[in-house]
Amino acid sequence: TVVLLYNDKRTNVQTDGKSNAQTVSLPAVWFTVIATFSMWPLLLKDGLSVMYVAGMGLYLTIVYILFKKHLSNKLCCYLYYQCLAVVVLHLLEVFVKPPERYPHIYPTLNSLYSAGHFALFFCYFNYRQIAD
């Protein structure tokens with residue numbers, strides 16, 4: 001998936017900031033990260049948390065190696081903070097017991113965070129489809 005998305009020439013992340021000749025499909029890659037993150041409560045319930053962590057770690061490492069030379073500092077910071085938010089949500093779920101009044105707060109936060117991203121992806125990909 002990463003290699004196919006890496007070879008896509010139709011998105012807005014430019015290699016040198018000047019030409020549109022070489023571009024990478026970072027929004028599609030980030031969509032797969034958020035889609036996998038949104039499945040975390042189900043994967044946890046099925047006992048697949050170790051595979052999830054290993055798979056996401058490997059995927060994000062490969063994506064970083066492939067895309068690091070193509071990212072601007074601003075975009076790099078944005079993606080770093082998005083990854084940090086995902087990690088914080090995971091760490092909260094592992095180390096902080098939910099309040100008795102809201103026992104399902106972490107799956108709800110996961111769903112809200114993912115749904116916000118999906119709404120933005122929906123708008124972005126529809127815009128790209130119309131604009132191109």
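Which residues lie nearest the centre of the largest pocket? The numbered points below answer this and then turn to other features of the model.

1. Basis and overall fold. The structure under review is a predicted model. Its chain has 132 residues, of which 29% count as buried. The chain contains 6 helices and 2 strands. Followed along the sequence, these elements come in the order α-β-β-α-α-α-α-α.

2. The largest pocket. Trp30, Leu60, Leu79, Cys83 and Val87 lie nearest the centre of the largest pocket, and its lining comprises 24 residues. The volume of this pocket is about 620 Å³.

3. At least two lining residues come from each of α2 (26-38), α4 (49-67) and α5. Helix α5 makes the largest contribution, with 10 residues. Sorted by class, the lining of the largest pocket holds 22 nonpolar residues and 2 polar ones, while charged residues are absent.

4. The cavity. A search of the whole structure for cavities of 30 Å³ or more returns 1. The volume of the largest cavity is about 60 Å³. Its lining is made up of Phe37, Trp40, Pro41, Leu89, His90, Glu93, Tyr106, Pro107 and Asn110. Two or more of these residues are given by each of α3 (40-45), α5 (73-95) and α6 (105-131). In terms of class, the lining of the largest cavity consists of 6 nonpolar residues, 2 polar residues and 1 charged residue.

5. A nonpolar surface patch. Which residues form a nonpolar patch on the surface? The patch consists of Tyr80, Tyr81, Leu84, Val87, Val88, Leu91, Leu92, Val94, Phe95 and Val96, and together they have about 970 Å² of accessible area. Val87, one of the patch residues, is also among those nearest the centre of the largest pocket.

6. Is Tyr81 buried or exposed? Tyr81 has a relative accessibility of 53% and therefore counts as exposed, the cut-off being over 50%. Gln82, by contrast, counts as buried because its relative accessibility is 14%, which falls under the 20% limit. Although Gln82 and Trp30 are 52 residues apart along the chain, their C-alpha atoms are separated by 9.7 Å.

7. Leu109 and its relation to Leu89. Leu109 belongs to helix α6. What distance separates the C-alpha atoms of Leu109 and Leu89? The separation is 7.8 Å, for two residues 20 apart along the chain. Leu89 also takes part in lining the largest cavity.

Terms used: Residues are numbered from 1 along each chain as its sequence is written. This is a predicted model: local features need pLDDT of at least 70, side-chain atom pairs count only at pLDDT 80 or more; totals for chains, interfaces and linings use all residues. Side-chain values use heavy atoms; hydrogens and water are left out. On a 1 Å grid over the protein atoms alone, a cavity is a set of points where a 1.4 Å probe fits but cannot get out, and a pocket is an open set with protein on both sides within 12 Å along at least five of seven lines; lining residues have an atom within 4 Å of a point. Grid points are joined across faces, edges and corners, and a volume is the space filled by probe spheres set on the points. Helices (H or I, at least four residues) and strands (E, at least two) are DSSP runs, numbered from the N terminus. Ala, Val, Leu, Ile, Met, Phe, Trp, Tyr, Cys and Pro count as nonpolar, Asp, Glu, Lys and Arg as charged, and the others, Gly among them, as polar. Patches are made of residues with over 30% relative accessible area and no salt bridge: like charges are joined within 9 Å, nonpolar side chains (Val, Leu, Ile, Met, Phe, Trp, Tyr) within 5 Å. Accessible areas come from the Shrake-Rupley method with a 1.4 Å probe; for residues, only the protein chains shown count as cover. A salt bridge is a side-chain nitrogen of Lys or Arg within 4 Å of a carboxyl oxygen of Asp or Glu. Buried means under 20% relative accessible area, exposed over 50%, partly exposed in between (1.4 Å probe, protein chains only).
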